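Trainee: I have a new structure on my screen. Can you show me how to read it, one feature at a time?

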Amino acid sequence: MNLAMLKPGEQAKIKKIGALGPLKRRLMDMGVLVGEKVKVEKIAPLGDPIEVTIKNYNLSLRKKEAEGIEVEVER
Amino acid sequence: MRAETDDLRFKISDFKKSEIANPQSEIRTITVAVAGNPNSGKSTLINAIAGTRLNVGNWPGVTVEKKTAIFDYEGVKIKLVDLPGTYSLSPYSQEEIIARDYLIQEKPDVIIDVVDSTNLERNLYLTMQLLELGIPVVIALNIYDEAEKKGFKFNTKLIEQMLGVKAIPTISTKNKGLDVLMKAVMEAASDTAQHTPKSINYGEDIESAAFVVESGIRNLYPTLANRYPLRWLAYKLMEGDEHISKEINLSGDGTFIEDAVRHLKLAHGSDIESLMADARYAKAAGLAREALTKPDTRKIELTEKIDRLVLNRFLGIPIFLAAMWLVFKLTFDFSKPFSDWIDEMINGPFKRWGEALLGFVNAPSWTVSLLTEGVIAGVGFVLVFVPVIFAMMFFITFLEGSGYMARAAFVMDRMMHAIGLHGKSFIPMLLGFGCNVPAIYATRTLENPRDKALTALLVPLMSCGARLPVYVLFVGVFFADHGGTVLWSLYVLGIALAVVMGMVFKRTLFKGEPPMFIMELPPYRMPSLKNLLIHTWEKGKHFLIKAGTYILAVSILIWFLLNLPWGVEHKKDSYLGRMGQVIAPAFEPLGFGNWEAASSLVSGLIAKEIVVGTMGEIYVEKKGEGAEDEKKESPTFIEDIKEIGTSFATAVKDSFVNVFSTFGFASISADEEEEDKEKGSTLKDVISTQFTPLSAYAFIAFVLLYMPCFVVAIAMKHEFGTWKWFGIAFAYQMALAWVVALVIYQGGKALGLG
């Protein structure tokens with residue numbers, strides 16, 4: 001399961017960050033870390049990018065970038 | 001506004017007074033670097049402290065803006081340096097490298113760390129990295145009012161105890177807390193040893209490894225220990241930071257680093273970088289948990305409510321388009337009357353005064369021409385752009401400051417990404433339809449250099465307002481029955497080619513540079529008018545000084561091209577005409593291989609609407625002279641002054657009428673001057689004999705595509721700090737224009753349309 005597969009309103013816990021290099025570093029700097037809770041808020045009107053809340057703020061990222069983030073849905 | 005200014009405890013006059021009263025102020029300069037996350041209110045804070053003394057430039061060699069200010073505060077000279085807004089000090093973006101290199105190499109006396117109190121945890125992540133540097137830090141808990149409104153309660157004493165630095169609540173939009181902040185800065189600067197932050201404990205494992213690396217450096221590379229903050233260097237070497245490894249270039253033994261991290265890797269996995277990021281965030285989270293109490297129930301915030309509408313699946317795009325339409329209309333409608341007014345004043349009274357003055361001292365006629373057509377017209381050329389640049393900066397700053405810019409990018413990114421651009425590229429591209437010059441400056445909203453350069457390369461394909469008169473002239477002569485369709489086809493051609501070129505550049509010039517769209521959607525905030533104006537003024541001033549000098553120089557150069565050799569009578573014999581003759585054969589396959597058309601195109605490099613004027617002069621030379629004779633009946637000085645005043649009043653009025661008409665309350669119609677009409681009709685007659693409909697269409701397609709005007713060239717140089725991007729734009733556009741016009745003309749002929 002990866003972050004791009006979640007529907008708006010779904011919450012999940014980050015299991016693994018598959019990205020490499022600058023992308024990974026940037027995600028970490030923005031607080032996208034293993035163990036962190038993330039909630040998908042919205043999907044852009046044209047289907048991409050998505051908006052999530054993490055660490056109490058709103059972050060947007062492209063689906064391609066979200067695909068590299070493995071998550072486990074929390075119910 | 002007034003009440004706020006009264007509350008302002010930094011009065012500009014106070015600073016000036018102390019400058020005079022304290023001769024010893026020369027003795028000591030305190031360098032204060034201001035760091036912070038984007039959207040933390042950092043630039044508002046700097047504006048509040050430094051006001052109009054801010055000096056805007058670029059960091060050497062890059063397009064990132066650098067703001068500095070030097071002023072006196074309580075007898076001490078303070079040099080304030082604004083670091084780029086960053087989320088981290090990791091060396092992966094230009095901004096981060098700049099901020100980090102500055103802090104390491106220049107070693108400022110104090111760092112002000114501007115923290116968004118409403119988003120404490122994430123902001124403290126940067127704070128942790130700043131504290132690692134061993135430079136005294138003063139934390140500004142900014143946007144404190146909003147945090148309080150949310151019901152947040154801070155234990156600042158605890159923050160100060162835990163970090164060993166001062167934490168001062170501030171509200172930079174209201175000038176609150178800034179005096180306390182500056183006092184803390186002065187105190188920290190007065191005794192830096194005393195105020196060096198406590199070293200952070202990232203846990204047993206990391207710290208013991210760092211200790212091993214530290215001793216290794218001290219023993220093997222003692223010079224490095226003096227150049228860098230030691231603990232920080234140890235962390236970086238453990239992380240395997242490529243930037244710093246390259247910089248220090250460990251010549252000899254480096255195995256002590258591997259030995260130190262071996263245990264760490266066994267216990268925590270091979271990715272030390274992630275481990276460090278986790279540790280910093282854990283510290284930040286711990287601190288936020290202890291020092292900040294949040295209310296139990298969270299109310300639905302305004303930002304959420306607005307976003308439900310603005311980012312709605314169905315309404316998102318219509319709202320975005322409406323907002324863009326408004327920005328476009330306001331930028332150009334508001335500024336146009338002022339630009340027109342400046343244009344009229346320069347070309348009317350100012351030229352007449354220049355002529356009269358030189359006539360009075362019996363100066364030779366060529367100096368009159370140089371002054372009026374070269375210098376005064378050149379100054380006019382710069383000034384005409386000022387209203388539109390100011391208006392554009394104002395609205396762009398508003399979009400950014402309010403938080404809508406990030407939403408616009410979010411809504412548009414899918415579409416723009418398809419051609420290799422970023423969601424934020426849409427706005428510069430859109431502004432390009434009005435004028436390419438502000439559009440180039442608007443690319444500064446793009447943080448990534450790749451996105452920014454690509455956007456700037458494609459902006460000139462957006463058909464700007466200056467090209468319209470050329471289209472209109474030819475469409476009127478050859479395509480009167482299908483005018484709308486032909487005009488529309490040109491705009492579509494430009495957009496289609498931008499899509500194609502975007503794809504091409506994505507795969508060639510920018511190959512291997514991964515695009516990223518990891519962007520914060522900050523809370524909506526109302527930017528203060530004062531800040532908007534300061535920001536707009538900074539940018540406008542920068543344009544006037546930096547770009548203005550270039551524009552003036554080029555405009556004088558062009559005067560020489562048109563008027564040399566001395567005593568030239570026919571345009572054909574001027575350098576411009578000769579250039580036209582030389583390059584004309586290149587246009588032969590395109591259907592307009594004559595020197596008149598070629599010279600007009602050369603003059604179009606100044607501004608594309610000049611193509612029409614030059615054609616008028618070249619094709620209708622006699623008529624043009626007659627028109628000039630009429631102008632000789634010049635009004636008196638008093639009449640001129642009156643005229644300047646009344647026409648300015650009209651410009652102000654028109655500007656507001658325009659803005660209101662944007663909302664559909666009124667409308668004004670464009671008025672064409674009688675004289676122009678007359679001249680135009682003669683020109684039209686000549687053109688109808690010189691061009692065929694096919695070659696005419698090839699010609700206007702060429703005008704659409706060939707190099708942007710020289711002001712765009714200067715804007716590109718100015719914005720990017722190098723001629724490189726303009727060089728690429730020039731080369732590809734020339735080639736593109738030639739090929740497209742060739743295809744149109746030869747293709748049309750093959751189809752039997754010629």
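Mentor: Gladly. Start with one pair of residues. Asp116(B) stands opposite Asn142(B) in β6(B). This is a predicted model.

Trainee: Which strands does that pair belong to, and how do they run?

Mentor: Strand β5 (residues 110–116) of chain B is joined to strand β6 (residues 137–142) of chain B by six bridges. The two strands run parallel.

Trainee: What is the order of the strands in the sheet around them?

Mentor: Read a sheet from one side to the other. Here the order is β2-β3-β4-β1-β5-β6-β8 in chain B. That makes seven strands in an open sheet, with mixed pairing.

Trainee: Which strands are at the edges?

Mentor: β2 (55–58) and β8 (166–169) of chain B are the edge strands. Each pairs on one side only. Neighbouring strands are turned against each other by 25° on average, direction ignored.

Trainee: Which strands does α7(B) lie across?

Mentor: It lies across β6 and β8 of chain B. Relative to β8(B), α7(B) runs at about 155°.

Trainee: Now the domains. Where are their bounds in chain B?

Mentor: The domain assignment gives domain 1 (2–195), domain 2 (204–293) and domain 3 (319–663 + 677–750).

Trainee: How many residues are in contact between domain 1 and domain 2 of chain B?

Mentor: Count each side. Domain 1 of chain B puts 19 residues in contact with 18 residues of domain 2 of chain B. On the domain 1 side, α4 (94–106), α5, β7 (153–154) and α7 (156–163) of chain B each supply at least two residues. α5(B) gives the most to that side, with six residues. By class, the domain 1 side has 13 nonpolar, three polar and three charged residues.

Trainee: How do I read two packed helices?

Mentor: Two packed helices are described by the angle between their axes and the distance between the axes. Take helix α25 (residues 529–563) and helix α33 (residues 710–720), both of chain B. Their axes come within 10 Å and cross at roughly 145°. The crossing of α25(B) with α33(B) is right-handed.

Trainee: Which residues make the contact?

Mentor: From α25(B) come Lys546(B), Ala547(B), Tyr550(B), Ile551(B) and Val554(B). From α33(B) come Phe710(B), Val711(B), Ile714(B), Ala715(B) and His718(B). Of the residues in this contact, eight are nonpolar, one is polar and one is charged.

Trainee: Let me turn to chain A. How do β2(A) and β3(A) pair?

Mentor: Strand β2 (residues 37–43) and strand β3 (residues 50–54) of chain A pair in the antiparallel sense, over five bridges. Val40(A) stands opposite Val52(A) in β3(A). The two strands form a hairpin with six residues between them. In its turn, Gly47(A) has a positive phi of about 95°.

Trainee: What comes with β3(A) and β4(A)?

Mentor: Another antiparallel pairing, over five bridges. Val52(A) stands opposite Leu59(A) in β4(A). The hairpin of β3(A) and β4(A) has two residues between the strands. There, Lys55(A) takes a positive phi near 50°.

Trainee: Which strand of chain B joins β4(A)?

Mentor: β10(B) does. Two bridges join strand β4 (residues 57–61) of chain A to β10(B), and the strands run antiparallel. Ser60(A) stands opposite Met519(B) in β10(B). The six-stranded open sheet reads β5(A)-β1(A)-β2(A)-β3(A)-β4(A)-β10(B), with antiparallel pairing.

Trainee: Why is one side of β5 of chain A and of β10 of chain B left without a neighbour in the sheet?

Mentor: β5 (69–74) of chain A and β10 of chain B stand at the edges, each with a single partner strand, so one side of each has no neighbour in the sheet.

Trainee: How many residues does each chain give to the contact between chains?

Mentor: Chain B gives 28 residues and chain A gives 27. On the chain B side, α5 (120–131), α15 (272–291), α17 (316–360), α19 (404–418) and β10 (519–520) each give two or more residues. The chain B side has 15 nonpolar, five polar and eight charged residues.

Trainee: Finally, what confidence values go with the model?

Mentor: The predictor gives the complex an ipTM of 0.96 and a pTM of 0.84. Chain B has a mean pLDDT of 84, and 90% of its residues reach 70 or more. In chain B, pLDDT stays under 50 over residues 1–26. Over residues 622–632 of chain B, the pLDDT is below 50.

Notes. Residues are numbered from 1 along each chain as its sequence is written. Chains are lettered from A and ligands numbered from 1 in the order in which they are written. This is a predicted model: local features need pLDDT of at least 70, side-chain atom pairs count only at pLDDT 80 or more; totals for chains, interfaces and linings use all residues. Two residues are in contact if their C-beta atoms, placed from the backbone, lie within 7 Å. Helices (H or I, at least four residues) and strands (E, at least two) are DSSP runs, numbered from the N terminus. Ala, Val, Leu, Ile, Met, Phe, Trp, Tyr, Cys and Pro count as nonpolar, Asp, Glu, Lys and Arg as charged, and the others, Gly among them, as polar. Two strands pair if DSSP finds at least two bridges between them. Domain bounds come from an automatic or database domain assignment. pLDDT is the predictor's confidence in each residue, from 0 to 100. Axes are lines fitted to C-alpha atoms, for helices over the stretch in contact, and angles run from 0 to 180 degrees between N-to-C directions. A crossing is left-handed if the near helix is turned anticlockwise from the far one by less than a right angle, and right-handed if clockwise.
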